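Subject: Handing over the structure

Hello,

Here is the structure I promised you. Please open it first, then read my notes below.

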Amino acid sequence: MALPKIVSGFTVLPVAYPHSRHIIYAKAHASSSKSSKSTFPADRTLFLVNVPVDATERELSLFFRYAGTVERVIFDQNDLDDTELQGDASGSGSGSEDEDSDAPDSSMEVDTEENAETRPRKNRKDKKRDEPAPPTVVPLPTSPHRTLRKTGAVAHLVFLDSSSLSKALTPLPKARSWPSSEELRGLARYRALYDEQRPPLDIVKAHADTAMELYEFELAKSRRQSAYRKGEAIVDEDGFTLVTRGGAYGKTLGGGVGVANKQFQATGKTGSKKKKESKEKASFYAFQKAEKQRKAIMDLKKNFEADKARIEKLKQSRRFKPY
Amino acid sequence: MEDGEPENSGGGEEDSMDGVELTPGDPGASSHHASKPPTGEELRMIKDAVNLYQSSSFKLQIDALLPNVRPSTKDSRKAPLERFLHSLRSHLISMRAVEPQNPVSAARALAKQGIAVPFALPHPTEEVKWKVGFEPPSDINVVGSWANQICVKRKDGVPFTVDVTIEMPDSLFQEKDYLDSRYFHKRSFYLAVVAQSLSTSLEVDTFYQSTLGDPRLTVLVLSPRKGSQNDFSKAHAKIHVIPVISSSNPMPLSRLSPSHANVRLPGKSSAGPQPTPIYNTNVLLATYPKLSLLATNALKHLCPAFSDAYALLRVWANQRGYGEGPICVRGFEGKGCWWNEVLGLVVFGEESTSANKANVRKPLGKGLSSYQLFRAALDVLARQDFSQKAVHVKSTNGHKFPPDEYTSHHSAVFVDSTSTLNLLADVPSTSLSMLRYDANETLEKLNTSSESDNIFAQLFLNDQTQLSKRCDAVIRVDLARASKKQSAYEFVEYGSSDNALLAAISKTLQRGLGDRVQAIGIFHPSSKMRSITDAHNPLLSTIYIGLTYNSENAFRLVDHGPPADGQDSEAGRLFRQLWGDKAELRRFKDGRIVESVVWEVKTSDDRAHIPVAIVRHLLRHHFGIPANDVRSPQNYFDAKLRLPDEVSSIFQASGSSSGFKSALAAFDGLVKRLKSLGDQIPLALSSVSPTSEYLRYASALGPVPIPQSAYLALPDSYRYLPTIDVNLEFEKSTKWPDDIRAVQKAKLALLEAIATALLSANKITRASVCTADCSGSTIQQHGPSLEIYTTEGWAFSVRIWYDREATLLERLSSSVRTPARPLAPSEANPREQREAQQALETYTRQFIHAPRHHRAVANLAHRFTAYVGTVRLVKRWLAAHWLLTTHVSAEAVEIISARPFLGSGAVLPDDASSIPRSKERGFAQVLEFLRDWKPEEPIFVPIYEDSAPSSEPTVAAVSSKQGVWTISTSEDNSGRMWTSSGPDAIAARRLRAIAKEACKILHSTDIDSLDVERLFSHATEDYDVLIELDPMILPRYHQSINAESSALSKDRTIPQEDDATPRPGFDPAWLLFQDLQVTYSDTLKFFYDVYGGRYIGAIWLPIVSGIRPFRVMGGFSSTPEQKPNEKNKGTVVLNKQAVLDEIERLGAGFIKKVEARERS
């Protein structure tokens, strides 16, 4: 069957599989978002839909080699975080941390500052722009292996050269076969993964120790940066004292002001005081008694009717034929 | 009305007695508006319903049931029958007499016309002096339940029975006819003449039918012929013609008491003739129908609720096989009148005898409601052991025969209200024990259950005859090769060789099994109609023996007999006679020397087989039935829970002992070692809690350790080494960091310390920290674990429980930022929240619920011997159908399997009779539950001690992707802990369908090896995609339910280069399955047998079928496709083959083939 060249604005790129033809849909990347500008240069970025589930960066590069050299491949937004964080954790130290890819690049600096202010105790090991230099974490061994993604996933492909983009978007005369990179797949991958997850104990030790060091370092740093100091209550410009839960009565950060308990926060009710039972007698007057009796009888009848209706329904479904 | 013959006579054909309308009014008639206050009448009725019945809905259900089990009262249906009865009567009266002649020559004459005479034993000979003849009946009556209008519909659409007695004139009989079956011969001839005449002149089909195969009880069955002028098929009835004799017959009554010997056999030994109580009873039956009719009629008028109670009792009994059908409890065929008499006993009480003067059963009175009467009758059946204590229903004119005669000559005594005969004369006491057991079980249910709908259905609506769920052991006995060496006396007494044999089997089994069982049931099909050209019933080919164990004694290893002192004492002789060569003299520890039988037990499986082994031994010893003809499915089920012999022998070669006990011992060893580490680890260990099914006897296959040396020598298909999960808890410490990620790192450090310490102590082969996804910064689902590989070959996976983790995760996952919490992590992004949420769920399951669940299940395993077996069978079965773990979690199975043991509402007492005592029965009950359970109904299972449900579990709205089961326990009120991820609607529906099929297989009474295999064989036709894996690579392939031995050969064909170290818990098929499930969660649904299945099956999800518009986030692999006549270009269709190609790539190295199938 002849393939359409374009579907909904996407160029159809057939990929030859052993018994079939996989389709990758490609389109020039166009984003309104300011943030992605730097990551995805508009004139060089190809937006791909339905990349093979086990595609690696290398494989995609090989596949698009006919169009030009691929600078990098970003599989999806979340992966962006991952790759950068990973680089971070392994001590490269240079990666700028961008937790929230929606956050504008320019406001990054400010953002981290703010974070540090509002979050004195919740520390993240990746805040380490400031001196002194943070301790390096010994990485756990990783070999490059395939990450499987959900089927039908998208990817951004950044070419080195903007001319490649149009080349990539011209429909292929015939399906290109899917290249294969040296990352392990299948059984070999599972074996490698298994072994890799059980690193030698000394590496585990080194990793854990250094990671803890880094944590301590971050903790210390944030303490320094934090506006909170032990023993000093924090009063903002409007004169409110900041408090947090903890201790027997809750505490200010430093001070000694009580704070509402969790239940109060959740429900707005104080749990400690039991609601007083109303002492009023329910059957004091004769009419109350009579009404109560009447109600009991009515309930009896109501339940009975309800039962009857239910049985009637069961009867309809011929349930009462024992055999 | 399955009362074949004995019910009674009286009213004549036009019985005009109307059934007393006694249901207290139709409740529907009087209620008009729910809003109006009820009238006094209504109120009384409602109150009655509540007070006199189990509950008002129970009463309404009874009212709904009863019309369905009674014959139609429409005239159009009855009239043809009435007409036919008239013509039958006139025909019979006008029949010509036959001259008296020698019975043999008379039979010969009839045989020429194609009519057989069903002579009883001993057959008449040419030489006899007495003659048989025929004269028209002196009286013809409609008797029995039809005449009394109390008849109850029978199972399987069998028509109602109209009993018609024809009274043989006294002139045909002589005083001595009670001797040597002469009366029966005359009766048979009479019947044959009537059969001959009716078959030729009336347009009806005529058959013989002999209750219990006893020729003495043969009746003539007339069933309507369609379209003939006598077609009374509208009445849905058949007519039983029963020859009877008048009360003025010449045979002296006194000669028919139980103690008289009325058969003289040639060449009888010196002992003199033996009494023939059953023979005598059968003679007495000839006068009984009329008496019974009158007595029942009186009872019916006296006690308004009688006929309803009778109907309930009969429906209850029919549903349990006390009557007629393909699988019936022996002895209750044709005992219709007995059930009346049971109610009569309730109403009238007992006649006093010399033996029971002190505690005669008191009459309960006639004003009871039908339900109360029914319940009282059940109470009689449950408490009264008729074989121990004779019962004489209160009669108007005292005893006809001395009561002692009954007790000394009958095995069970229940003398009817006319004091004519013992209705239980030919009912074996094993069958009575079965009845007692069933009545007990029903009473228990009535006492404990809270859901009245459910209980009503169980009592009356559901078929309970399925042996596999009713008896702990079901044994199929082929009688073809049984030696019928009973004496001629026994043949004559019991009426047929089958009856004599079964009576002997029943007695022998009861003696041999004794207190090991609560009940023994002998089941076989009830007698069928046969052509009037056949004199005798075909012989029984097969019977089923059902045993219900007594859990305390069933598996006893030694049966003690009488002491040795009198070698030739009577008791010792009887003991040796019973057990044959198995009996031996033994000296026991306490110094006694007694006769005893010791049952050899090699494995724990064998122990569960002891009762069946006893049956097998006894049947072989006494009846020459070869062991092969006595079959029970136990062995087949056992084999499902064991590795095949050739596999286990390979593991045994490694020298480590396998099984749950060894696993527990290894665990204890580990705990000791961990505790002994002391100062070598930074925090003190406070507790070690196991959470693995291997440590609670609950995994389908027992765990097998593989020491390192053996591991390396094994081929890939043997290399699965299960890891046993264990949680560690440490003392509280302030040193823990206050950040979830840092906590994970701290755990790593702690685990590493433990590993190093353990290794230095040098007791284990290997310890490695499993860091699964520790390197990233994502919040981990499971956290790091420590894998410990002991020298014996056990692998443990140890995790650390840190209780503040929950708080940390909660803090991360909750997004609410209340004014009171300005310090909430403001930058938490949705992904982090989601991860924290998931991690929190995993944490709760892994550290809070799993240990509790483990303790509860381990506790149940100790309380109920059959529980773990049941769990294991259910697991194996679910796995064989590709659902276990992949869709149904092991814990959910453990909870569901506890249901038959614990009941649903009020907790059953531990000795409740309905609790299964064998895994096969538990399995059958779980299957039935799974078949009937609608997933939208939440269930509660009290697996945690005795707490009742605190609140009704409610069903949370679930999306199609989530699990649909709600199984709540007192620790998990929402009931989603183990079922939140599955089974989803598709899997649950599949499971029900498979359970239904399995129940059918179990129910098909032929219990054959093949059938049990069929239970576990999975049909793959339903899958759209089958992914074939290479069995040589699968480490669990040796556990597969149908492993091919070629793939299990020990020779290694493909040497692996990277197999230097053992990989505990490594199962690439499972990893692949998980990957596939995640990757294609919206495209395909996968199914897999975790026990080394060779195939992964999958079905395309309907949400990706057809042509759909192209979307960027479509979530499936597509290819452009246009609808033929549409111009819209942006449409795509699922690219199936490309998906399959990708799957093949993902499993490179061990996928052999991915096969797509077109389903019709």
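A residue is called buried under 20% relative accessible area, exposed over 50%, and partly exposed in between (1.4 Å probe, protein chains only). Keep that in mind for what follows.

This is a predicted model, in which local features need pLDDT of at least 70 and side-chain atom pairs count only at pLDDT 80 or more, while totals for chains, interfaces and linings use all residues. Residues are numbered from 1 along each chain as its sequence is written, chains are lettered from A and ligands numbered from 1 in the order in which they are written, and side-chain values use heavy atoms, with hydrogens and water left out.

**Chain A: check the confidence**

pLDDT is the predictor's confidence in each residue, from 0 to 100. Chain A has a mean pLDDT of 71. In chain A, 63% of the residues reach 70 or more. Helices (H or I, at least four residues) and strands (E, at least two) are DSSP runs, numbered from the N terminus. Confidence in chain A is lowest in helix α4 (residues 108-118), with a mean of 38. It is highest in strand β4 (residues 45-51) of chain A, at 88. Over residues 79-130 of chain A, pLDDT stays under 50. Where pLDDT is low, the predicted coordinates should not be read in detail.

One record is worth a look. UniProt, in an unreviewed entry, places the feature "coiled-coil region" at residues 287-317 of chain A. UniProt positions are given in the numbering used here, feature names are shortened, and annotations may be inferred rather than shown by experiment. In the model, residues 287-317 of chain A are 97% helix and 0% strand. The end C-alpha atoms of that stretch are 45 Å apart.

**Chain B: the overview**

Chain B has 36 helices and 32 strands. It has 1160 residues, and 61% of them count as buried. Contact means heavy atoms within 4.5 Å. Of the contacts in chain B with a separation of 6 or more, 74% are between residues 24 or more positions apart.

**A buried serine**

B:S785 sits in strand β22 (residues 785-790) of chain B. Its relative accessibility is 3%, so B:S785 counts as buried. Neighbours within four places in sequence aside, B:S785 is in contact with several residues, including B:L751, B:C770 and B:R799.

**An enclosed helix and an enclosed strand**

Helix α32 (residues 919-932) of chain B has 14 residues, which should span 20 Å at 1.5 Å a residue. The expected span is 1.5 Å times one less than the number of residues. The end C-alpha atoms of α32(B) are 20 Å apart, which agrees. Twelve of the 14 residues of α32(B) are buried, so the helix is largely enclosed by the rest of the structure. Among them are B:F923, B:L927 and B:L930.

Strand β26 (residues 1025-1029) of chain B has five of its five residues buried, so it too is largely enclosed. B:V1025, B:I1027 and B:L1029 point one way from β26(B). B:L1026 and B:E1028 point the other way. Two strands pair if DSSP finds at least two bridges between them. β26(B) runs antiparallel to strand β28 (residues 1095-1100) of chain B, joined by four bridges. With strand β32 (residues 1151-1156) of chain B, β26(B) pairs in the antiparallel sense over five bridges. B:I1027 has B:I1096 as its bridge partner in β28(B), and B:V1154 in β32(B).

**Two open sheets**

Five strands of chain B form an open sheet in the order β8-β12-β14-β11-β18, with antiparallel pairing. β8 (328-329) and β18 (630-631) of chain B stand at the edges with a single partner strand each, so one side of each has no neighbour in the sheet. Strand β11 (residues 473-478) and strand β14 (residues 542-549) of chain B pair over six bridges. There, B:R476 has B:Y544 as its bridge partner in β14(B).

The other sheet has three strands of chain B, in the order β29-β31-β30, again with antiparallel pairing. β29 (1107-1109) and β30 (1118-1120) of chain B are at its edges, each with a single partner strand. β29(B) pairs with strand β31 (residues 1131-1134) of chain B over three bridges. B:P1109 stands opposite B:T1131 in β31(B).

Most residues other than glycine have a negative phi. B:Q149 is in the loop between α6 (144-148) and β4 (160-168) of chain B. B:D180 lies in the loop between β4 and α7 (182-201) of chain B.

Best wishes
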